[in-house]
Amino acid sequence: MSNNGNGEPEGYRGALRERLIKDKIRTWSKVVIKKGDAEYEGLLLPRSQHTDDDYVTLKVDTGYNLGVLIDEEATIKEIGFHKGNYELPHIEVKFKKDLPNVTLLGTGGTVASRLDYRTGAVLPAFTPDELFSAVPELISTVNLTPKTLYQILSENFRPEYWVKTAEAIAKEIESGADGIIIGHGTDTMCVTGCALSFFLRNLPVPVVLVGSQRSSDRPSSDGPRNILYAAQLSGYENFGEVVIAMHGTPSDSYNLIHRATRCRKMHSARRDTFRTLSDIPLGKIDDSGVTWFKDDISPRRPKEDFYLDTKTDSRVGMLYFYPGMNPDMLESMVDLGYHGVVMIGTGLGHVGTDIYPALERCKEEEIPVIMVVEPLFGFAQLRVYETGRDMLARGVIEGENMLPSAAYTKLSWALGHTRNVDEVRAIMLTNIAGEITTREGPRGYMVLQGVEPGIDKMMKNL
Amino acid sequence: MLDPYNLDFKELGFHAGLEVHHQLKSKRKLFCNCPPILEENPENMDYSFYRYFRPVLGEMGDFDPGMLVEFEKGYKVIYLANERNTCTYDMDETPPFFPDLEMMEKGFILAAYFDCTAFAEEIVVNRKQYLDGSITTGFQRTFICARDGWVPVNGKKVRITNVHIEEDAARRVNWEDTSNRTVYYNLDRLGVPLTEIITEYMDVDNPEELLETAKQIGRVLRISKIGRRGSGAARQDVNISIAGGDRVELKGVQDLEKFDIMCRHEVVRQHALIEIKNTMLQRGIKKEDFEHTYVDISQLFDTNEKVYATIFPKMKGLFGIEVQPNKDFGLEIFEKSMLITGIPRKNQFHSDEIEDGALRANSDYPSDVKINHDLYSKICKVLNPKENDAFIVVEGPEKRALHAMKKIVERVKMAIDGVPQETRRFLPNGNSEFLRVIHGKDRIYPDTDTPPIVISLDRIKELTKNIGKKPWEVFDELHEKYGFNHNHVDLLIRDEKLAKFIEYTEQLQLDGNLSYKLLIILPRATRRKDLLLTTEMIDKLASVLSKKIIFKEQVELVLNYLIENPQSTEEEIKEKFDLPEISDEKVEMIIQSKIDKYDLNKIQEFEEYQNLILSKITGEVLKELSYHFEGKMLAEKIRQMIFVKEDG
């Protein structure tokens, strides 16, 4: 809500706007509108974008909103003024010596949020007051310092934002933070998580990415619980990795701790959208504490070993192969001067033979092509079928079992260090941050992959 | 306490309003494509999950006070759901789908029945917060279709302030233990389209008017065929106040016949609370007199839990006052502290209970805190209360017992203001219990998931131009034409037979009472006997009556025949029941043979006997004539013959 002191009819357009200005009717005025027998009394609210120009939005005495068409017959009269102040109450927070210090870097994830009259949708709000007011339990858990890096939707992230985020994290670590939380939109949380995993070397503190799948403007939001668990994880647990910790089920029961490089958003809306693929999550956290499932977790490293390596090349693209794909898509990437390509191939990592000439061009122009698999689970293995071998012969690099987001960020990072294809190949095939599992146990496809208690009964009822 | 059955509602300044919630007939739920079907069998539940809720800001930037109290309850909410009627939307795992426009239109049609003048020309979907778990999102999606309408009630207009369309809430599964912090809901009902119709509460002055208002609204939902039928389709919330009291909402009344007892028990409650307030003022009590000082007296009890006591200065005798039949003020306070904190009311004790014949001991929820006179003295030694002081004792786990004490002190402070605004749960015995602090307008904010939907006045006019007659217009008409009372008309509306009735009376030219018999009395009677009577059979009957193939005296005979021979045609009926005309001589002969069996002098002498015999003979003759004769004419003939005898 923008502060509108000059009495402009906020959000109104066209003839209606002219009329409101002429009649000196402001938004947040209490008005009476008369049309024939009908009389409407209420607060004139700001109008949202993408709505009809000729209607006003009124908040009537019961708190409900409704819209009224203002035609020539209608009369509007201002009878009062009452501006809303959409702000969570202020909470005084004192620094406690015995609690760990955690910094929350906000990038636009919604832990608290506010209405936006421009779009009628929800915008994140990220002041400390708002946060503590929404989740008061935080106060007694850690000394939390929220800082706002950006206020953007996660689909608007770009590689330079990963770099800035990593730099901000490094600064907080230098300043003595015991843990870092990144508030992030869930859509591209895994991509940022992967990038940070490669940038932050020998992490001395946990870095926990967190957000909410249900926006925090609703009483059922998963945000408060996610942030609370993130605070406990980053403040108290002994690990030095970039993780994503979000709801593990539709219930408010436990959150799963995913290694960012193995994590993927698997549902457009559910709370338990995040899953670790081809492996099991690192652990879980609930009200009774943390249970670690895996034993290959990096502990907090000595602070002096920590360094930042954010060299990246943003001329990296990703192509999703589909039957009938025209090779000109890959050709055009070469023409446009891309430095590297991640290709998502069918099955074990295949593309149609039509694409071969373009692959040959990539090889000639020394543009590395990394192949990952469309099925998401399992390894790219180009030695099994003839097609695969043909592709290997054309210089394609098998992306092991890297997820697309890991392969993409890793290739950007590798190319930031070297344009030499053999060196890039060596980096890509080396496990840097858990993005490649050297072996794949069967449980990576079975455990915590959406098979919930009660499934037997559902099967019986089919 | 006033006598609930001897109240002068006018004198007491009684006012009441209604919020009628009625489910709408629909093919789908309001914001998703699940079928609106219920699942009664708990064995059939496919999955469950649980959640916790937190309050969020209203649009004007305030927390609704009611929501903060809801949060204080700290409920864990367990949902039970069924694959066939709930989806990820019902689980609050996916955003809403586009609302069912047909239901939106139904809202405008309903509004036209109520003569609403102000329509929402652009629908704005709002979120109304509920933290009790009854809605998985924590808010109900709801919107106004229209405002400023009315229904006629006993010769005056009761205003309809708002007509809403909204999604129904989930069904609470267990209500047995209100102190439990875990609550259960069945998700089947969640999202079923519902209308909420609100009346102006200053307009209703007594329980009879309240009942009639509810009936008028119910009639509209029936006559318009918009309301879903069956049990549970309608629920009413009632707002009640008396002069000096305040608006109290009583929730979830399904049986309109309970309105009367509900009003009476609420009136005596408000009156008692006002009396308590007056006594407190007379004793010079101020809010500051009540301190949050909780004394740990656990050592006096044989318990593993904590026992706390608090003194309430100058309150002696007030907690023991009866506020509703068989319930004292103390118990009323404990109901609230129990619901919010989970400390059972039986673990809460007030000092008036020590008196001989104290009401609490014989109430539905006597105290379990065992305090005899000896222990009472020991507690007094610790607390050192003054002569006119009262005290309250709470037993339970430390944190929750302290929480309960806090709520009790807060509630006693409120007593000096009289009647608190509350939403209360109506109980079968007519009393009510605290449910929550009344929810205000600050819990409502716009739904950011659904953009506004333009309806336009032209579209509204188009939708509402062909609505049928309003129930009260139908009543006036039928009352005037056929002398029908409300019961007659209500049954025609409830059984959805009004259109048929008009067809029978106007097109088939059948008598009103005969039409009513065909459409209401006979089907209901045969239903009671478990016989199948189809609409086609009734139509066939109406047709042969209209064509004068049969006499109305033959209706039952033909009906029985039709039930046994459902396929028979009009021709067959004609053949079987349209008997050749009987000559007057033959009829008179039969009549004569019947009259002869009775003492003619007695018939002529006593009028009552005469009427009795007359109808008896008519019946006997009709039966002998296979009912193929008009009864009225026959009766006249018999009467003439009796009196001809006399003259002769």
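User: Let's start with strand pairing. Which residue in β5(A) is the bridge partner of S29(A)?

Analyst: The general idea is to go from one residue to its partner, then out to the whole pair of strands. This is a predicted model, and in it S29(A) has F81(A) as its bridge partner in β5(A). Zoom out, and β1(A) pairs with strand β5, residues 75-81 of chain A, in the antiparallel sense over six bridges.

User: And how does β1(A) pair with β2(A)?

Analyst: Read it the same way. The pairing of β1(A) with β2(A) is antiparallel, again with six bridges. For the turn, look at what sits between the strands. β1(A) and β2(A) make a hairpin with two residues between them, and G36(A) in that turn has a positive phi of about 55°.

User: Which residues are on the covered face of β1(A), and which on the uncovered one?

Analyst: Go along the strand and sort its residues by face. In β1(A), residues 29-35, the covered face holds S29(A), V31(A), I33(A) and K35(A). On the uncovered face you'll find K30(A), V32(A) and K34(A).

User: Over to the interface. How many residues of chain A are in contact with chain B?

Analyst: Count each side, then ask what elements and residue types make it up. Here 45 residues of chain A contact 47 residues of chain B. On the chain A side, the elements giving two or more residues are β2 (38-45), β3 (55-59), β4 (65-69) and α11 (455-460). The largest share, five residues, comes from β4(A). By type, that side splits into 17 nonpolar, 16 polar and 12 charged residues.

User: What does the overall build of chain B look like?

Analyst: Chain B has 20 helices and 23 strands. Its radius of gyration is 32 Å, well over the 26 Å that the globule rule gives for 648 residues, so chain B is more spread out than a compact globule. The C-alpha trace spans about 105 × 65 × 50 Å along its principal axes. As for burial, 45% of the 648 residues count as buried. Of the contacts between residues at least 6 apart in sequence, 73% join residues at least 24 apart.

User: How do I read strand order in a sheet of chain B, and what are the edges?

Analyst: List the strands in order across the sheet, then look at the two ends. One open sheet of four strands in chain B runs β2-β3-β10-β9, with mixed pairing. Its edges are β2 (47-51) and β9 (171-172), each with a single partner strand, so one side of each has no neighbour in the sheet. At the β9(B) end, two antiparallel bridges link β9(B) to β10 (residues 182-186), and R172(B) has Y185(B) as its bridge partner.

User: Which strands form the antiparallel four-stranded sheet, and in what order?

Analyst: In chain B, the order is β14-β15-β19-β18. β14 (295-296) and β18 (348-350) have a single partner strand each, so they're the edges, with one side left without a neighbour. Two bridges join β14(B) to β15 (residues 306-312), running antiparallel, and V295(B) stands opposite A309(B). Finally, helix α7 (residues 373-383) lies across β14, β15 and β19 (390-396) of chain B, at about 65° to β15(B).

Conventions
Residues are numbered from 1 along each chain as its sequence is written. Chains are lettered from A and ligands numbered from 1 in the order in which they are written. This is a predicted model: local features need pLDDT of at least 70, side-chain atom pairs count only at pLDDT 80 or more; totals for chains, interfaces and linings use all residues. The radius of gyration is taken over C-alpha atoms; the globule rule is 2.2 Å times the number of residues to the power 0.38. A residue is buried if 20 or more other C-beta atoms lie within 10 Å of its own, exposed if 12 or fewer, and partly exposed in between; C-beta atoms are placed from the backbone. Two residues are in contact if their C-beta atoms, placed from the backbone, lie within 7 Å. Ala, Val, Leu, Ile, Met, Phe, Trp, Tyr, Cys and Pro count as nonpolar, Asp, Glu, Lys and Arg as charged, and the others, Gly among them, as polar. Two strands pair if DSSP finds at least two bridges between them. Axes are lines fitted to C-alpha atoms, for helices over the stretch in contact, and angles run from 0 to 180 degrees between N-to-C directions.
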